Amino acid sequence: MNVLRNNRLARRTFLRGMGVTLGLPLLNAMGKVLPGASPEAAAKATAARNVQAPVRMACLFFPNGVWEKNWFPDQEGADYEIPFALEPLARHKKDFLVFSNFDKKHSHQGDGHYAKTANFLTGLQVRKTPGKDISVGGISIDQLCAQQVGRHTPLPSLELGVDPVISGIDSVVGYTRLYGCYISWRSPNQPVAREIDPRLGYERLFGVIQAGKNGGRQTKESKQASDNQALLDLVLEDANSLRRKLGRDDQYKLDEYLDSVRDVERRLEYFSTPEGRLWKPTASLDVEDIAAPKGAPGDHQEHVRLMLDLMAIAFWTDSTRISSFMFANDVSPKNFSQLVPGASSHHELSHHQNKAEKFEPYSKINRWHSEQLAYFLDKLKAIKEGEGNVLDNSMILFGSSMSDGNRHDPNNLPIILAGKAGGKIKSGRHIKNEKRTPLCNLYVSMLERMGTPVESFGDSTAAIDLG
Amino acid sequence: MLNRIANAIFGCFAVIAPLSFSAEKDKPQLSPLEEYQKEIQPILKKHCYDCHDADVAKADLNLEYFDDLDKIHGAQETWQTVLERIYAFEMPPPGKNDLPFDKQSKIVQWLKKLPKPEKPDCDQIANDRNANFYRGHVMSRRINRAEYANTIRDLFGVRVAVEELLPADGGGGEGFDTAGNALFTSSIHIEKYIAAADLVLTTVLPDKASKLAPEIKAARVRILGSNAKPSKKEARVTAQEVVSRISRLAFRRPAETSEVERALQLFDRAFDRGDDYVPSLRLALKSVLVSPNFLFLVEPEPDEKGVQPLAALPLASRLSYFIWSSMPDEELLALAESGKLLDPNVYRQQVHRMLQDAKAAALGERFALQWLDLERLGGEVRPDAQKFPEFDSELQRVMLGEVEAVFNYIVKSDSSLLELIDADYTFANERLAKIYGVSDVMGEELRKVAFADKNRGGVTGMAAVHAITSYPLRTSPVLRGRWVLEALIGEKVKPPPPDVPALEETQEKAKDLPLRAQLELHRAKAECASCHDKMDPLGFGMENYDVLGRWREKEGEHAIDSTGKLPSGETFTGPAGLKKILMSRKDDVVKHLVRKMTGYAFGRELNKFDDCVVDKAVEALQQNNYRPSVLVEHIALSFPFRHRFYPKIIVQAATEQKEK
C-alpha cells in the first residue's frame with residue numbers, strides 16, 4: 001500500500017510538468033468519497049449506498065475540419081434546429097451537447113494540420129520538428145484520466161483507430177507526419193500506439209492476458225498468463241541492467257520500454273488478484289455471446305463500426321473506462337466516393353475554396369462522421385445499466401481539430417459531447433460560448449465529472465457549465 | 001510575360017556582371033554598411049518589404065529586422081536563401097513589385113559578396129562543443145516493424161507473418177522509420193511482442209519433429225543443435241548452450257552469463273513443473289525475443305564521454321540495419337567480435353559483400369519507397385475502386401515492386417543511380433506491362449523489360465508514382481509537380497495561402513476550361529504564382545499518364561497538352577522532355593538522393609556538420625559514374641556513421657533505486 005501511495009505522490013509531482021495542475025486530493029472514482037476519508041471507510045460508505053456505475057469517457061477525432069455553415073446550429077439552447085451535417089444525430093438530440101466558439105490558442109501558430117491535431121487533447125503547443133524533440137506540450141486528457149482511474153479496470157485505456165500510422169515527414173512544413181496520427185499522449189513526448197485491427201483489439205480485451213482471472217482453476221491460458229508474468233519480471237531485470245549502460249539520450253527511450261512492460265505486468269496482476277470493484281458491470285469479461293470480429297475489413301464504414309463496437313463492448317464489460325478513437329489520420333486523403341455520393345479525397349475536398357462542387361461533398365463527409373457517432377450512441381444506449389444505459393454514464397467527445405478545412409482555423413472547433421456522465425450533464429442543448437473560449441475549459445469540466453478534478457488543464461481559464 | 005522572358009534572358013548577364021560593377025573605381029568608396037543602407041536596403045524596401053516586413057513576415061522572413069551588418073552576418077543561411085530565390089527569378093513573385101534587371105543584378109552581386117555559411121570539415125559530428133545547447137539524438141533505438149520481421153527471418157531462417165501483428169511506426173529525421181527519436185514504445189507494443197514471440201517460436205520450434213515443412217525442420221534442427229532430445233540430466237546444460245547461442249545472434253553480441261541464466265530461470269520454471277524439453281526451451285527463448293537487448297539496437301556508453309568511435313559490435317549493427325534492415329550475419333558478427341571490422345579495408349569489403357547479398361533488397365523496399373513517399377499507396381492514397389477497378393492489392397504490390405526492383409537492380413549491378421531518372425528499361429510482369437502498353441510479358445514474375453519509348457523508364461514513368469500523385473478520381477499536375485520538386489529535386493514548396501477569394505470568382509467562370517487553363521488562372525495571382533510556376537509545368541509534363549500510369553492523349557474531350565515552361569525559361573514537352581530537364585539538374589537530384597540515404601542510414605535529421613559528408617559523396621558519385629556502391633561505402637565509412645557523441649552527464653542513480 002505504501003508503495004502505491006508513494007507512486008501516486010510522485011506521479012502528482014510529475015504531472016505538473018505536463019500542463020496540468022491538480023487541485024483537490026484525488027477522489028476515488030467510484031463513489032462520492034470525501035477528501036481525507038480513509039479508503040476503508042470510503043469503501044464501506046459506498047457499499048452501503050447503491051453503488052453507482054462509473055463514468056466512461058471516449059474521445060473521437062475526425063480529420064480535416066468541417067463546412068461550418070452546415071455543422072453549427074443557428075439557435076442557442078434546447079430548441080435549436082438540427083443542421084444538415086448533424087441530422088443523423090437527430091434521434092439523440094436530447095443526449096448530446098453541441099458547442100460553438102471553442103478555440104485552441106496554441107494552434108494559431110504552426111502549420112495547418114499537425115500543430116492542431118497532435119494537441120487536440122492536450123491544448124498546448126506542438127513543437128515544430130521533423131522528429132527530434134517531439135512535444136505536444138502536455139499529457140492528453142484521456143491519458144491523464146487513465147493514470148488516475150485506470151487502475152480500476154483491466155485496461156487503463158483503449159486507443160483505437162482505423163488507419164496505420166504513416167511514416168515520413170512533411171518537409172514543406174517541417175513536421176513529422178506522426179503528429180497527425182496520434183491524439184493520445186502519455187507524456188508531452190510520448191504518443192500512445194493504437195490498435196487498428198478489430199480482431200486483435202478483441203483479443204486484447206478478451207484474450208490470453210485475461211486468463212489469469214480464473215484464479216484457482218488452472219488452464220492452458222492461465223498457465224501462459226502466469227508464465228508471461230514471470231517472463232516480464234525477468235525482462236524488466238534485463239532492461240534495468242541495460243539502462244545503466246546507456247547514455248542520457250538513449251535512456252529515455254528505454255524508459256518508455258520499462259514503463260510499458262510495467263503496464264502490461266499490471267494488467268496481468270489485475271487478473272490474478274481478487275476483484276476489487278464494488279460496482280459490477282452488466283456483462284462480464286468472459287461473455288461468450290460476443291463474437292470475435294474477423295480481421296480488418298476492406299470497407300471503411302464497416303471498419304469504423306467494428307472499432308466503435310469494440311469500444312462499446314469495452315465499456316459494457318468495464319474492461320476500460322477511457323478510450324480514444326481516430327476516424328483517420330489528419331490530412332487524410334481518404335476516398336469517400338463509395339460512402340458519400342459525389343465525394344472523393346477527403347483532404348482535397350476540405351480545401352473547398354468556397355466552391356459548391358467541393359463544399360457540398362465535404363459537408364456530406366462531415367455528415368457521414370455524425371452518422372457513425374449516431375451509430376455508436378445507439379450501441380451505448382442499447383446497453384442497460386442500472387436505471388439507465390451506458391450512454392447515460394458516459395461522456396463521448398466527438399470533434400475535429402480545426403473548424404474550416406479550407407482555412408485551417410483552430411477557432412470555432414466543431415465539438416460535440418454526448419452522454420450525461422451519470423446525471424452530471426444537462427444534455428440536449430447548443431451551448432454558444434463566448435468567442436475564443438478555450439476547448440480546454442470543456443476538458444476541465446469533463447475531468448471533474450470523471451472524478452479527477454484539476455484546477456487547470458492545458459490553456460484552460462475556467463470550467464464550462466454543463467448543467 | 002515578355003518581361004519575364006526578358007528577365008530570363010538578361011538574367012544570364014547577372015552572372016558575369018560583378019566584373020563590370022566592381023570596376024567602378026571612380027565612385028566614392030562606400031563603407032559596407034553605407035553600401036547596404038544606401039544601395040541595397042532601398043531596393044528591399046521597395047520590392048520585398050510588402051511581404052517581408054516586421055508585420056507580415058511571410059515565410060517567417062522579416063527583412064526589416066536587418067538594419068546592420070552584424071545581424072546580416074549572423075543569419076548567413078537566411079541570406080543564402082534570399083540569394084537563391086532572387087537569383088532564380090522566384091522572388092519577388094512575378095507581377096508583384098517586379099524587380100528591374102539592373103536592381104536584380106545589383107542585389108544579386110551584393111548578396112554574393114556576403115560571407116558564405118561556414119562548412120565544417122568532414123570529421124565532425126554535432127556535440128556540445130560545436131553546437132549550442134546541443135541535445136543528442138536517440139541512437140540506441142528500437143528496431144522498427146519491418147526490421148523486426150527481417151530480423152526474425154534471419155534469426156531463424158523462416159519468414160513468419162509477424163508484421164501485421166505490430167503497430168506501424170511513424171517517421172522522423174529525414175523522413176524514415178529509422179529515426180530513433182520518433183520510434184516509440186507503448187504497452188501495446190509489449191503485448192504484441194509477446195504474442196509475436198509466441199507465434200514465431202511455435203512456428204520455428206514446434207513440439208514434434210515429424211511432418212514439418214523442410215524449412216521449419218531445418219530451423220528446428222538449427223535451434224536445437226546437436227542434442228535435440230537431451231536426457232533429464234542433460235537438459236539444463238543443453239538448454240544453456242541453445243539459449244546462449246541464440247542470444248548471441250539475437251542480441252548481436254555475445255550474451256553475458258547473467259543474461260543466459262536469467263532466461264534459463266524460465267526454462268527451469270517450465271521444466272521443473274513437468275513441461276517437456278522443447279516447450280520449456282521455448283519459454284526461455286521467448287524472453288530473449290521480448291528482451292530490450294533484442295528489440296533495441298544498443299550502443300553502450302563508453303567510459304570516455306564526448307565524441308567517440310563506435311565499438312565494433314554496435315558498428316556492425318548500424319551497418320547491417322542500414323544495408324539489410326536486419327541483423328548482422330555470422331561473418332559480420334564474427335568480424336565484429338574479433339575487432340577486425342574496425343580495419344577500414346575489412347570494413348569496406350564487408351560493405352561490398354553485403355550489397356551483393358540478397359538481403360540488400362531492403363534498400364529498395366525500405367529506403368527507396370520511403371524516399372519516394374510511395375508507402376501510402378493502397379492505404380490512405382488509393383485510386384477510386386469504381387472508376388479504376390483494375391487497382392487491387394495485387395496491382396499495388398506490383399507497382400511498388402517495380403520501384404523496388406529497379407532500385408535494387410541498379411544497386412546489384414552497380415550501374416548509375418541516374419538510371420532512376422532515365423533508364424531505358426524497367427521491371428514489369430504481365431499486368432504492369434499491359435498498363436505500359438508492352439504486350440510480350442507473361443506471368444506474375446517481375447522481369448526486366450526494355451523500352452524504346454523515351455517516355456517510359458525512370459521513376460517519372462512508373463505507375464506507382466502516377467497513382468500516389470493523383471486524387472482518387474483524377475490526376476493532379478499540382479501534386480505531380482510538387483512530388484517531382486520534393487522527392488527528386490529536394491525543393492520545398494510552401495503550402496498554399498489559406499484563402500484566395502479573388503480566385504474563386506474567376507474559377508466559377510472558368511468551370512468548363514481544361515484543367516491547364518484553370519490552373520493558369522490560378523497562377524495569375526502573384527502569391528500563388530511563385531510556387532505554381534515551379535510545380536505545375538513539371539506536373540503537366542506527366543499529364544499523359546492517367547491515375548494508373550496508362551498512356552493517354554486526351555482527358556475527357558480535351559487533348560492533353562504536356563508542354564511545360566519553367567521559371568528559368570526552359571521549355572519541354574511530355575515525360576521524355578521532363579526527364580531531360582531532370583537530367584539537366586542531375587546534380588540537384590543526386591544531392592537530394594544522397595541527403596536522403598544519409599539521413600536513412602544515420603537515423604536522424606541531418607545538420608550542418610553532415611553537409612560535408614553529403615558534398616563529398618556527391619563529388620565521389622560524379623567521379624565514379626554515380627555507382628550506388630560508392631555512395632553506400634561513402635556513407636558507411638563517414639565519420640558520423642562510425643562515431644557518436646555521448647554527453648557528459650552523470651547518470652542519476654535515483655530512477656534505478658526506484659526500481660528496487
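Student: Is α8(B) mostly buried or exposed?
Tutor: Buried: 14 of the 18 residues of α8(B) are buried, so the helix is largely enclosed by the rest of the structure. A residue is buried if 20 or more other C-beta atoms, placed from the backbone, lie within 10 Å of its own, exposed if 12 or fewer, and partly exposed in between. This is a predicted model, in which local features need pLDDT of at least 70, side-chain atom pairs count only at pLDDT 80 or more, and totals for chains, interfaces and linings use all residues. Residues are numbered from 1 along each chain as its sequence is written, while chains are lettered from A and ligands numbered from 1 in the order in which they are written.

Student: Where is that helix, and what span does it reach?
Tutor: α8(B) covers residues 187–204 and reaches 26 Å from its first C-alpha to its last, close to the 26 Å expected. The expected span is 1.5 Å times one less than the number of residues. Helices (H or I, at least four residues) and strands (E, at least two) are DSSP runs, numbered from the N terminus.

Student: Which element gives the most to the side of chain B that touches chain A?
Tutor: Let me start with the totals. In all, 79 residues of chain B are in contact with 70 residues of chain A, contact being C-beta atoms, placed from the backbone, within 7 Å. α8(B) gives the most to that side of chain B, with 6 residues. Its residues divide into 30 nonpolar, 22 polar and 27 charged. Here Ala, Val, Leu, Ile, Met, Phe, Trp, Tyr, Cys and Pro count as nonpolar, Asp, Glu, Lys and Arg as charged, and the others, Gly among them, as polar.

Student: Switching to chain A, how many strands form the open sheet?
Tutor: There are 7, in the order β4-β9-β2-β12-β13-β3-β14 of chain A, with mixed pairing. Two strands pair if DSSP finds at least two bridges between them. β4 (158–161) and β14 (429–438) of chain A stand at the edges with a single partner strand each, so one side of each is left without a neighbour in the sheet. The twist averages 15 degrees from one strand to the next.

Student: Which way do the β9(A) residues point?
Tutor: A:Ile322, A:Ser324 and A:Met326 point one way, A:Ser323 and A:Phe325 the other. In a regular strand the side chains alternate between the two faces of the sheet. With 5 of its 5 residues buried, β9(A) is largely enclosed by the rest of the structure.

Student: Last one: how many residues has the largest nonpolar core?
Tutor: It has 274 residues, and A:Met311 and B:Val243 are among those with the most contacts inside it. Such a core is a set of buried Ala, Val, Leu, Ile, Met, Phe, Trp, Tyr and Cys residues joined through C-beta atoms within 7 Å.

Conventions
Axes are lines fitted to C-alpha atoms, for helices over the stretch in contact, and angles run from 0 to 180 degrees between N-to-C directions. Two residues are in contact if their C-beta atoms, placed from the backbone, lie within 7 Å.
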